[in-house]
Amino acid sequence: MSSVTIQNVTKAFGPTVVLENFDAVFENGEFITLLGPSGCGKTTMLRIVAGFEKPTSGSVMFDEKVVSSDKVFLPPEKRDIGMVFQSYAVWPHMTVYENVAYPLSIKKVDKAAIKQKVDRVLAAVHLTQYADRIPSQLSGGQQQRVALARALVAEPALLLLDEPLSNLDAKLRESMRFEIKEIQREYGITVMYVTHDQTEAMAMSDRIVVINRGVIQQVGSPREIYNNPANPFVADFVGKIEFVEGTVKDGWIELDGCGQKLPYDGDVKGRVIVGIRPENITYAEEGEGELQGVVKSHFYLGDVDDCRIDLGEGKEVRVIADPYESKGVETGKKVSLKVRSFLVYPQQEDGQDFRKILT
């Protein structure tokens, strides 16, 4: 196992800064996910930890050992890491067994030890029966498990995974999430996982690092990130949410344009951004809810009804409810809404449209 300490890492490619003052500590045995949109710098950070990129400034330590700084640079092959890329990168002319054994073979490990380690890791990824097949005889998910087994067989202190499931179909992605998490628990290794998929991050992580435009926005457990997002970007990126602007006055938030309001006794004053997650809204009897609106669109999805409700003047909220709770709801119908909880953020002092930070 290995802890990772990243201190004030900045990375620039010419005039373009892709990471800025990245500061984080990942503990032994943690499953850490770097989460953010494409181009936010998460893969660059992973490559710096791996040793494929050098930081422009700052340092990276494994336990107490500096592996990257302005004076020290340890190459990837000396960092005791395993890495799985988005592309499977398995050798097409080798069998599954040979692919997995390769890292041990080049280290001149004796054949008996190689067989013992390969057999163990193939069992862990449920590929024992495919040991003699070549990659062209395997499905995409099986090839990805070969790549994972090859990364694990040398028992690295740190496992780095760069969007390893993005090429798989939805059902296979879901099953692989749980397999990777179970393997990580079995081996007890530290994992850094890069993805733009918030569902993957929520399902597997001990902690999530949310990144936007090269800057850490928030670090926390999946529950913390989802229930207490640090800013509108995090709230919008992790989960479904609708935003409405308003003003705090006398224990209420008066929502802009639609003439409606929500009760509020929090600490934020003046102009605010209100974020409401669709699962935190329920239908109420006429006049009994905090908000009133008209159903703008209604989609029956089997397990849920997904509706957008027009509050007036173009202000909308989204309601995702159990079909039995939303019987009779249809496009054009007036509805009353009960809001169980909502998020409140202060408006930017410069008056800039906050929605620009969500893109």
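Me: Which cysteine has the sulfur closest to that of Cys 307, and how far away is it?
Reply: This is a predicted model, so keep that in mind as we go. A disulfide needs two cysteine sulfurs within 2.5 Å. For Cys 307, the gap is too far for a bond: the closest cysteine sulfur is in Cys 258, at 18 Å.

Me: Is Cys 307 buried or exposed?
Reply: Anything under 20% relative accessible area counts as buried. Cys 307 comes in at 1%, so it's buried. Cys 40, at 2%, also counts as buried.

Me: What kind of aromatic pair do Phe 31 and Tyr 193 form?
Reply: The whole structure has four aromatic pairs, and this is one of them. The ring centres are 5.8 Å apart, with 35° between the planes. Planes under 30 degrees apart would be stacked and over 60 edge-to-face, so this pair is tilted.

Me: How many residues apart in sequence are the parts that this pair ties together?
Reply: Phe 31 sits in strand β3 and Tyr 193 in strand β8. Both residues are buried, with Phe 31 at 0% and Tyr 193 at 0% too. The pair therefore links parts of the chain whose separation in sequence is 162 residues.

Me: Which ring does Arg 120 lie over?
Reply: Two lysine or arginine cases are worth a look here. Lys 54 lies over the face of Phe 73, 4.8 Å from the ring centre. For Arg 120, the distance to the ring centre is 4.4 Å, and the ring belongs to Tyr 187.

Definitions and conventions:
Residues numbered from 1 in each chain as written. Predicted model: local features only at pLDDT ≥ 70, side-chain atom pairs only at ≥ 80, totals over all residues. Heavy atoms only, no water. Phe/Tyr/Trp six-rings, centres within 6.5 Å; stacked < 30°, edge-to-face > 60°. Helix = DSSP H or I, 4+ residues; strand = E, 2+ residues; numbered from the N terminus. Buried < 20%, exposed > 50% of the residue type's maximum accessible area, 1.4 Å probe, protein only. Lys NZ or Arg CZ within 6 Å of the ring centre and 35° of its normal.
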